Amino acid sequence: MLSLQETLLIFTDLDGTLLDIHTYDWQPAASWLERLQDEQIPVILCSSKTAAEMHEIQQDLGLEGLPFIAENGAVIQPDIRWENVSRLLRGIPHPDIRRVIEQVRAREGYKFTTFDDVDVQIISDWTGLNRARSTLARKHEASVTLIWRDSDRQLACFEDSLEQAGLKLVQGARFWHVLDARCGKDIAIEWMVERYRQYEDREPTTLGLGDGPNDAPLLDCVDFAVVVKGINRLGITLQDNNPERVYHTQLPGPAGWSEGLDHFLG
């Protein structure tokens, strides 16, 4: 059991975890967010969303100024208080990734649709976001988001094609994401923890929460993990699923998020 008196860092996914997968509501987690803020425990958002989206969501949740990890670890925003620490864009930038996958699609005939292929209204229809937030969802800096429309066999071939180009395919709760193979939520979290050691002069205990396959690296690299009940049929496979370290919730979304914190911190 953890304690609110510990030097704790909380890393959390958004869609399907802290936010409802359909409505994006976070109110079931509001009381815990307020409590963590009162205890000055950082809640660090770690998502496939763009940085532009994350800034808006931080404002919604009262987390302004805290660091965050966007685009599955390809973009890192440091804490506003850390001097001489610049925002990081890791790996291959979005235009180059887009060019590679368009070349691969033209050559091999893979069937998928990216956020770059459609307008804001289509993204709004796919996600349920309003037009303003859908516009922010297109502002990728170091990844490409897509819907796969081909067979599992072709998916494996597509992954091989990406690997040859130094890229990788990551599955989220609803979409697939292509990014530099050298990036990941785990790598970004390790960078973030090291910055806390350096700038906050403390050795933190880490707690992570996530619901989709792309959250496995996040949950594997933290000290304690909450697997929030999700919609993905494959679930999450962890390297260490010891029940002393990992809790699987009965509830989905922000209600499950709160359930996980109740388990470890209640």
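The following dialogue explains how several features of this predicted model are read.

Biologist: On what basis are residues numbered and values computed?

Modeller: Residues are numbered from 1 along each chain as its sequence is written, and side-chain values use heavy atoms, leaving out hydrogens and water. The model is predicted: local features need pLDDT of at least 70, side-chain atom pairs count only at pLDDT 80 or more, and totals for chains, interfaces and linings use all residues.

Biologist: What is the strand order of the open sheet of 4 strands?

Modeller: Strands of a sheet pair through backbone hydrogen bonds, either parallel or antiparallel. Strands (E, at least two residues) and helices (H or I, at least four) are DSSP runs numbered from the N terminus, and two strands pair if DSSP finds at least two bridges between them. Here the order is 6-7-9-8, with antiparallel pairing. Strand 6 (112–114) and strand 8 (167–171) stand at the edges with a single partner strand each, so one side of each lacks a neighbour in the sheet. Strand 8 pairs with strand 9 (residues 176–180) over 5 bridges in the antiparallel sense; Q171 has W176 of strand 9 as its bridge partner.

Biologist: How do helix 3 and helix 6 cross?

Modeller: Axes are lines fitted to C-alpha atoms, for helices over the stretch in contact, and angles run from 0 to 180 degrees between N-to-C directions. The axes of helix 3 (residues 94–108) and helix 6 come within 11 Å and cross at roughly 130°. Contact means heavy atoms within 4.5 Å; I101, V104 and E108 of helix 3 meet Q154, F158, S161 and L162 of helix 6. Helix 6 (residues 152–164) also lies across strands 6, 7, 8 and 9, at about 140° to strand 8.

Biologist: Which residues have the most contacts inside the largest nonpolar core?

Modeller: In soluble globular proteins, nonpolar side chains tend to be buried together. A nonpolar core is a set of buried Ala, Val, Leu, Ile, Met, Phe, Trp, Tyr and Cys residues joined through side-chain atoms within 4.5 Å; buried means under 20% relative accessible area, exposed over 50%, and partly exposed in between (1.4 Å probe, protein chains only). The largest core here has 44 residues, and those with the most contacts inside it are L36, L45, L207, W257, L261 and L265. Apart from it lies another core of 23 residues, including C46 and I236.

Biologist: Is R133 buried or partly exposed?

Modeller: R133, in helix 5 (residues 131–137), counts as partly exposed because its relative accessibility is 21%. Not counting residues up to four places away in sequence, R133 touches E53, E56, I57 and D60.
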